[in-house]
Amino acid sequence: MSQVFHDIEKKILETLQKVPNQTPEQLSKNTELSIDQIRRGIEWLRLKGFAIVTESEKITLSLGPNGLDSLKNGLPERKLINMLKDEPKTFEQIRSVLSGAGFNVAIANAKKNGWIKIEKDNSDSLVSIKEKPIETPEEKLLSFIGEKTVLQEEITNSLAMKILLSRPNYIIQTSEKLKNISLTDAALSLDTSISSSGAIDVEADVSSIFAARTHPLQDTIDEIREIFVNLGFSEIFGSMTQSSFWNFDALFTPQDHPARELQDTFYLEDMELKNPATASQIKNISSSHSKNWKYDWKLSESQKMVLRTHTTCVTIKHLAEQKPENARIFSLGRVFRNEKVSYKHLVEFNQIEGIVIGNNTTLRDLMGIQKEFYKKLGLTKIKFWPTFFPYTEPSLQTMVYNEKLGKWIELFGMGIFRPEVTKPLGIDKPVLAWGGGIERIAMLKYELDDVREFYNNNLSWLRSV
Amino acid sequence: MPVIELNISRIRKLVSGNVSRKQILDVLPFLGLDIESEDGDKIRIEYSPNRPDYSTEFGVALGLQGLLGIKKGIQKTSIKKKGKFAIKVDSSLTKIRPYVTGIIAKNGTLDGDDIQQLMWMQEDLHDGIGRKRKKSSIGLHDADKISFPLTYTTTSREHRFVPLNSNTEQTIDEILSNTEQGQNYGWVIENAKNIPIILDSKQNTISFPPIINSALTTVTSNTKNILIEVTGIDKDSVEDALSIVMSTLKMAGFEFEELKISGNKNSTPQLKDRTIIYDPKFTSEILGIDMSLSNMVACMKKCRLDASVKGKKIACIIPRYRFDIFGPMDLVEEIALGYGIANIEPKLSPSTTIGQKNDITIKTELIRKTAVGLGFLEALNASLTSKKILYNMTKRNSSEIISVLDSKSQEHTILRDSLLPGLLENLSKNIHESYPQKLFESGVVFSKGEPVHESINLAVIVAYKDTNYSELKAIMQSLLRTNFKINSKTKTSKNQELFVEGRHADIFVNEKKIGEIGEINTEILETFRIRTSVAGFEIKLSGLIFD
């Protein structure tokens with residue numbers, strides 16, 4: 001324990017070194033600190049082993065209503081004596097002045113004191129003074145207390161006190177717990193001036209403050225974006241609301257495909273885009289679908305507005321418009337699926353998707369980019385499995401080994417755009433595409449097993465993660 | 001993606017060649033089959049919807065044989081043409097369900113597990129390529145219970161027969177309302193007066209497509225010969241479905257005899273293999289692998305295709321059931337699978353482009369950094385939110401609402417047009433956490449216009465007992481001044497439900513309104529159960545710090 005004292009502690013110590021044994025109230029008066037500061041300081045000193053707190057009981061006495069009346073007019077037995085000063089009186093006469101309980105009390109006490117005698121008559125009793133009444137100890141006590149509040153220990157005649165306490169409403173006795181502060185031997189000899197001025201207890205606990213910060217999921221998004229940029233990819237930005245044409249038709253998803261149903265995709269109520277694409281794009285996509293999927297392609301289906309189910313619609317539209325010869329581009333943002341929300345599914349999550357067009361566009365190059373991407377994320381144990389996407393061929397998925405979970409986890413997907421996707425849009429070179437959901441990577445990073453946590457905005461999590 | 005259950009010991013028997021359990025588990029992913037779970041002898045795998053031939057143990061075993069090198073090339077299937085079996089199609093089906101195809105599978109045996117596999121396959125084919133039985137639906141029947149020839153015709157809703165898994169005669173209407181199949185797939189025939197039906201020569205009902213078969217022809221473990229019929233609305237797709245069933249039954253040990261089909265533009269299915277001439281340059285162009293022609297041929301054969309070198313090209317023969325193959329790119333994938341994805345070496349070529357973040361991202365990052373510097377914690381909320389938070393609890397005007405159809409979640413039905421309601425909801429979920437609470441969010445908001453207008457907003461909210469309008473105005477002005485040097489003004493605005501009267505304003509930059517600021521109305525705070533003072537603002541970043 002370092003001997004560093006707060007100013008409050010110092011003042012208390014110094015006062016107690018001069019006058020040992022003080023109550024908190026006395027300390028407050030002597031140090032000019034508030035009673036709250038004194039209480040706190042005492043508690044600190046007690047915990048440090050410098051102050052001893054003993055508790056005692058303080059009993060005080062004051063007069064009750066009967067006591068105060070008696071102080072002014074005398075006790076009932078004194079009132080009786082005063083009545084009898086001139087001549088004896090009958091019970092009836094006395095009762096006319098001292099009524100009810102007062103009569104009985106006065107007669108009983110005056111008799112007990114030996115002040116009166118009572119002679120029985122035919123019909124009444126006659127009371128007369130027997131002896132000159134002197135001041136009783138009870139009367140002395142009454143005038144001692146007077147209108148003050150006195151400590152019980154100041155009262156010398158405890159019998160008189162007992163008697164008066166036994167008579168109702170004469171004396172009010174109150175008791176109060178008292179704290180008494182004294183110093184330990186070590187503290188008595190302490191030199192409080194030794195501790196340098198302004199020093200504090202550097203080992204004491206302090207209250208928490210929380211850093212302002214960006215959202216952990218946003219940090220992961222930004223980190224992944226940065227890796228894409230480092231790999232030579234440029235970011236493009238596209239709308240979350242898209243026509244079915246770019247979200248589905250342009251990506252070779254037939255119009256009766258289950259993924260296009262209301263139960264998988266969010267359609268915007270009463271919203272359609274009259275001209276989702278140029279006339280030639282519409283014509284080419286329509287004939288590609290009719291030829292390959294063998295059905296009647298309908299423009300009206302492609303005009304329906306949806307919340308994009310992937311960011312691929314943004315990249316394919318960009319390719320169709322810009323027709324770059326050599327490019328690495330990516331699109332990042334929220335995508336939507338009409339799913340039941342659970343610990344592993346959200347209706348809205350972030351996806352990133354990059355494409356490569358130009359030189360070095362083989363599957364091996366695509367796998368090389370993947371490997372480098374995961375390496376930058378610190379994931380080195382990876383392998384590739386074949387998979388299926390409607391708009392790429394061949395298609396692969398990356399499996400990443402997670403040491404903590406002890407298993408392979410499916411991360412990003414990749415593939416080469418099908419000619420059925422690129423040709424109708426006037427793109428005649430192979431286009432590599434790769435990407436996936438970001439929340440899944442963020443879950444691994446923050447060791448979460450419920451993806452909903454990212455959107456709960458739970459301050460206890462955000463402030464501690 | 002569809003999931004099926006397989007039995008490893010049955011697969012091992014079908015694959016033959018004494019392969020181990022481990023070999024099978026190792027190779028499955030390289031067929032594109034993800035192992036979902038393992039439970040002793042049973043495993044559950046997920047297959048891609050473009051490969052419905054993997055919907056049974058038989059189909060999976062056929063694929064495994066190839067990659068394991070046990071049997072390669074096309075599974076040879078011949079169809080005997082004896083003319084004993086036939087079906088005639090009536091013209092009344094033209095506008096209802098015009099096409100039927102089929103075949104007779106002979107001299108096989110099925111045990112209970114085999115039948116179960118076939119039932120599951122049928123369901124998967126119905127859901128996938130059958131588009132919930134609308135496009136095509138399959139019926140399997142014990143052919144020995146049928147008197148050929150068959151007629152595919154229409155009947156009335158009063159027609160009666162004993163449906164599968166029943167022992168009482170029911171009318172079409174009763175079947176539609178009483179059976180599970182009727183309830184699930186009745187929508188396909190809607191309220192049509194004429195109902196498709198397959199009858200045999202004795203006028204026994206064989207099938208009521210696409211709903212249910214008759215009990216008469218139930219396939220059991222005693223069945224030796226099977227009639228497969230597929231009906232639908234498209235000739236190619238019914239033959240697609242038939243080809244999958246045939247390939248599966250071939251693997252199960254059956255032989256085939258033709259079912260002659262005629263009438264109303266129907267014809268006997270040819271089920272012929274296709275030939276695609278493959279240009280080997282694609283292998284190096286697409287995969288980046290230099291490979292000899294004979295090696296490519298070997299890879300294709302491992303994928304149960306046939307191939308041979310024809311001069312400088314490869315003639316590749318595709319069995320009928322591989323209708324997922326459209327052209328050369330699909331063959332490139334077959335070569336990659338036959339080569340083994342695990343054998344392909346990743347290659348890192350240097351990038352010839354320089355990466356660049358979008359301007360929107362750069363500017364948004366800048367303003368987010370300032371917000372953090374001002375002591376704010378970043379929140380992220382869904383852009384698809386609820387009417388309750390967006391309008392009801394905040395009493396905001398909901399006339400420009402943008403809804404999605406048929407959301408599975410009540411919390412996600414409306415596109416947000418503002419960020420502040422979401423931040424209020426965040427505060428209400430954190431009333432037990434220490435104050436002050438300071439949050440910000442940047443994100444897309446939506447409004448109506450051609451057909452939807454999207455812009456990026458930034459909202460800031462502060463909650464603790466002493467917060468007020470002036471504090472927020474100072475924060476707002478600092479956010480816009482830092483880095484962007486934007487000077488903003490506040491002007492008295494007309495009454496708004498969200499804010500306390502007399503303590504809110506419109507935010508202006510160069511005489512253009514860019515947002516709103518104010519102390520949040522105490523009644524609204526009560527609906528969110530927030531028991532402290534809250535003030536906030538929201539500004540539109542689009543058009544202000546980027547275009």
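Me: Is the crossing of α11(A) and α18(A) left-handed or right-handed?
Reply: Happy to start there: this is a predicted model, where local features need pLDDT of at least 70 and side-chain atom pairs count only at pLDDT 80 or more, while totals for chains, interfaces and linings use all residues. Residues are numbered from 1 along each chain as its sequence is written, and chains are lettered from A and ligands numbered from 1 in the order in which they are written. A crossing is left-handed if the near helix is turned anticlockwise from the far one by less than a right angle, and right-handed if clockwise. Here the crossing of α11(A) and α18(A) is right-handed.

Me: How is α11(A) oriented relative to α18(A)?
Reply: Helices (H or I, at least four residues) and strands (E, at least two) are DSSP runs, numbered from the N terminus, and axes are lines fitted to C-alpha atoms, for helices over the stretch in contact, with angles from 0 to 180 degrees between N-to-C directions. The axes of α11(A), residues 216-230, and α18(A), residues 439-446, come within 10 Å and cross at roughly 115 degrees. Angles under 35 degrees count as roughly parallel, over 145 as roughly antiparallel, 65 to 115 as roughly perpendicular and the rest as oblique. Therefore α11(A) and α18(A) are roughly perpendicular.

Me: Which helix gives the largest share of the side of chain A that touches chain B?
Reply: Two residues are in contact if their C-beta atoms, placed from the backbone, lie within 7 Å. On that basis, 75 residues of chain A meet 70 of chain B. The largest share of chain A's side, seven residues, belongs to residues 363-376, helix α16(A).

Me: Is B:K357 buried or exposed?
Reply: B:K357 sits in the loop between α10 and α11 of chain B, and its contacts beyond four places in sequence are A:R225, A:V229, A:E235 and B:I362. A residue is buried if 20 or more other C-beta atoms lie within 10 Å of its own, exposed if 12 or fewer, and partly exposed in between. B:K357 has 20 such neighbours, so this lysine counts as buried.

Me: In the hairpin of β25(B) and β26(B), which residue takes a positive phi?
Reply: Two strands pair if DSSP finds at least two bridges between them. β25(B) and β26(B) (residues 512-520) pair in the antiparallel sense over seven bridges, with B:H504 bridged to B:G518. Their hairpin has two residues between the strands, and the positive phi, near 50 degrees, is taken by B:N510.

Me: What is the bridge partner of B:K489 in β25(B)?
Reply: β24(B) (residues 489-492) pairs with β25(B) (residues 499-509) in the antiparallel sense over four bridges. A hairpin of six residues joins these two strands. Across from B:K489, the bridge partner is B:F508.
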